[in-house]
Each structure stands twice: as C-alpha cells, then as structure tokens.
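The sequence and the structure are shown first.

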Amino acid sequence: MKKLSLRTRVLTGTVAAAALAAGTFGAVSANAATPAAAPAAVTADAKNKNTTESTHLTIEAATKAAQATLDAAEKENQRVSVAVVDRNGNTIVTLRGDGAGPQSYESAVKKAYTAVSWNAPTSELAKRLTNAPTLKDIPGTLFLAGGAPVTAKGAPIAAIGVAGAPSGDLDEKFAQAGIATLGE
C-alpha cells in the first residue's frame, strides 16, 4: 500500500469534514423547516381553573397617584422622587421632584418593588430584618420606610415608593397620600 503525503491526507480530511458538516447542516435545516405541531387550544372562561384574572392599575391612575404623592411632599417642602410599579414590579410611572437627590429616584423604585413583592408597607418589612437579615440581600429590594402597596380585593396590584424626605416615615406618609387618591 502506498503511503499518502501529508498534503494529501490534510486535503482528504478537510473534504471529508466539509461533507459531514454539509450533511449535518442539511439535516438540521430540514428539521427546522418542519413546523412543530401546535399545542391544543385552551378556551379561557370563568369555569377554566387553569386561568386567572388580574387587576392592573391604568397609566392614568398611576400618574394621578404619583402626582398626588409629589404634591403632598411639596406641600411640606420636601424634595422627593416617586415611583409607581405594577403587580410584577415593573415601573409604570416615575416622577422626580425639583431638587430631589440623585439617589432618590432608584430608591423610590426599589421601595415600590419591595412593597408590592410582599404586599406590605416597607416600614413593616424593615422590622422583619431583625429576624431575617438576609431579606435585604434579595436583588432590587430596599427595606426602608417609604413604600406602600396598592391592593384590590385584598391582592396587591401596584405599589408606590417615595424617597428623598429626611425620614422614611415622611416618605411613606406621602405614598399613602397618593394611594388615597385612587379611591376618589
């Protein structure tokens, strides 16, 4: 048997690898082009126990509450930022009052996120840190007074977070003022 040169062996190996790759690509492409079977349709109605309804705060209501919160703070000469988040913690509206500190914006969002996550005012949640100090390690949360949940039928649907006043109690007072306007 004749021994092949290095050049011939490399060339033969390259051609074989290219043929294998082309075949694999063709098989994958053929499989990708074949549509998958559609899942069975589920009719969503009140009797279907696999679905649920949820209530959401409208952008109009969130803006009204945020502005009322900011107005309450301004009446007491406080410079704050306000954030309103939905049930999932996504920001709906943020307002940064004139002269509010640069840290207040992010703090307001985190307070609102924390309040809606646990359906409790953040002043109450801050007290829980003595028994569960690792709560503060959960990303995106801030366990300082100033966040208050908005509920409908006992379930959280949104939250308002306020930051920038000299105390968290004031921040939370302003958040409650915003929530009060939603009942009007």
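The lining of the largest pocket consists of E53, S54, T55, H56, R87, A152, K153, A155, P156 and I157. The model is predicted.

**Largest pocket**
- The space in the largest pocket amounts to about 180 Å³.
- Strand β4, spanning residues 155-163, is the element that contributes most to the lining of this pocket, with three residues.
- Sorted by class, the residues lining the largest pocket are four nonpolar, three polar and three charged.

**Largest nonpolar core**
- The largest nonpolar core comprises 22 residues, and L57, V80, V82, V84, I160 and V162 have the most contacts inside it.
- Two or more residues of this core come from each of α2 (59-75), β1 (81-86), β3 (147-152), β4 and α5 (168-182).
- Helix α2 is the largest contributor to this core, with seven residues.
- In soluble globular proteins, nonpolar side chains tend to be buried together.

**Contacts of V82**
- When neighbours within four places in sequence are left aside, V82 is in contact with A66, T69, L70, V93, T94, L95, A108, I160, G161 and V162.

**Setting of T122**
- T122 belongs to helix α4, which covers residues 122-128.
- The relative accessible area of T122 is 0%, so T122 is buried, the limit for that class being under 20%.
- Not counting residues up to four places away in sequence, T122 touches K111, T114, A115, L142, L144, A145, G146, G147 and E172.

Note on methods:
Residues are numbered from 1 along each chain as its sequence is written. This is a predicted model: local features need pLDDT of at least 70, side-chain atom pairs count only at pLDDT 80 or more; totals for chains, interfaces and linings use all residues. Side-chain values use heavy atoms; hydrogens and water are left out. On a 1 Å grid over the protein atoms alone, a cavity is a set of points where a 1.4 Å probe fits but cannot get out, and a pocket is an open set with protein on both sides within 12 Å along at least five of seven lines; lining residues have an atom within 4 Å of a point. Grid points are joined across faces, edges and corners, and a volume is the space filled by probe spheres set on the points. Helices (H or I, at least four residues) and strands (E, at least two) are DSSP runs, numbered from the N terminus. Ala, Val, Leu, Ile, Met, Phe, Trp, Tyr, Cys and Pro count as nonpolar, Asp, Glu, Lys and Arg as charged, and the others, Gly among them, as polar. A nonpolar core is a set of buried Ala, Val, Leu, Ile, Met, Phe, Trp, Tyr and Cys residues joined through side-chain atoms within 4.5 Å. Buried means under 20% relative accessible area, exposed over 50%, partly exposed in between (1.4 Å probe, protein chains only). Contact means heavy atoms within 4.5 Å.
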